[in-house]
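Grab the sequence and the model, and work through these exercises on helix packing and a few individual residues. Try each task before you read its solution.

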Amino acid sequence: MNEIKSKTTLTEAEEMFNNAQEELCRPEEDVVHYNACKNAYKAIEKYMTGFLLNHGIGIQNSHSIQDLLIQCRKIDSKFNDLNLDYVMDAENVDKLMINLSTAKEFINLAGKTRKLVGIQ
């Protein structure tokens, strides 16, 4: 059961990651930075959730990115190299200046997370 949930969750992560990247392919004046950030943020959540499910860890919807990262680090020390402090500020989105630079950083971190969970 966890294997099916893991694959479904990772497929959703891939869709969100692709949506974030596609947002930046628009002409600069048409890019909705918030959409790129939100999709990348959700992709990071889904990548880590899929990874944990694949390793038999039950996940509830209330887990924050920080909680997911802590659990991933317990399973694989490679996650210690992943610094998600930048996206953790997204939990207080009013504090976060969303612009092209922010969107690129979110997508970069989603890409790093993607590689750590084993998707090339």
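**Exercise 1: helix 1 against helix 5**

Helix 1 (residues 2-23) packs on helix 5 (residues 100-116) at an angle of about 150 degrees, and their axes are 10 Å apart. Work out what that angle makes of the pair, then list who touches whom.

Before the solution, some ground rules. This is a predicted model, where local features need pLDDT of at least 70 and side-chain atom pairs count only at pLDDT 80 or more, while totals for chains, interfaces and linings use all residues. Residues are numbered from 1 along each chain as its sequence is written, and side-chain values use heavy atoms, with hydrogens and water left out.

Step 1: know what the angle is. Two packed helices are described by the angle between their axes and the distance between the axes. The axes are lines fitted to C-alpha atoms, for helices over the stretch in contact, and angles run from 0 to 180 degrees between N-to-C directions. Helices here are DSSP runs (H or I, at least four residues), numbered from the N terminus.

Step 2: classify. Angles under 35 degrees count as roughly parallel, over 145 as roughly antiparallel, 65 to 115 as roughly perpendicular and the rest as oblique. So helix 1 is roughly antiparallel to helix 5.

Step 3: get the hand. The crossing of helix 1 and helix 5 is left-handed, meaning that the near helix is turned anticlockwise from the far one by less than a right angle (clockwise would be right-handed).

Step 4: list the contacts (heavy atoms within 4.5 Å). Helix 1 brings Glu14, Phe17, Ala20 and Gln21, and helix 5 brings Ile107, Ala110, Gly111 and Arg114.

Step 5: sort by class. Ala, Val, Leu, Ile, Met, Phe, Trp, Tyr, Cys and Pro count as nonpolar, Asp, Glu, Lys and Arg as charged, and the others, Gly among them, as polar. The contact of helix 1 with helix 5 splits into four nonpolar, two polar and two charged residues.

**Exercise 2: helix 2 and its partners**

Describe how helix 2 packs on helix 5, and then how helix 2 meets helix 3.

Step 1: start with helix 5. The axes of helix 2 and helix 5 come within 8 Å and cross at roughly 20 degrees. That makes helix 2 roughly parallel to helix 5, and the crossing is left-handed.

Step 2: look at the residues. From helix 2 come His33, Ala36, Cys37, Ala40, Tyr41, Ala43, Ile44, Tyr47 and Met48; from helix 5 come Leu100, Thr102, Ala103, Phe106, Ile107, Leu109, Ala110, Thr113 and Arg114. The class tally for the contact of helix 2 with helix 5 is 14 nonpolar, three polar and one charged.

Step 3: move on to helix 3. The axes of helix 2 (residues 33-54) and helix 3 (residues 65-75) come within 10 Å, crossing at roughly 35 degrees, and helix 2 passes helix 3 in a left-handed crossing.

Step 4: read off this contact. Tyr41, Ile44, Glu45, Met48, Thr49, Phe51 and Leu52 in helix 2 meet Ile65, Leu68, Leu69, Gln71, Cys72 and Ile75 in helix 3. Here the count is ten nonpolar, two polar and one charged.

**Exercise 3: the cysteines**

How many disulfides does a search of the whole structure find?

Step 1: apply the test, a pair of cysteine sulfur atoms within 2.5 Å. The search turns up zero.

Step 2: check cysteine 37. Its nearest cysteine sulfur, that of cysteine 25, is 15 Å away.

Step 3: check burial (buried is under 20% relative accessible area, exposed over 50%, partly exposed in between, with a 1.4 Å probe and protein chains only). Cysteine 37 is buried at 3%, and cysteine 72 is buried at 0%.

Technical notes
Helices (H or I, at least four residues) and strands (E, at least two) are DSSP runs, numbered from the N terminus.
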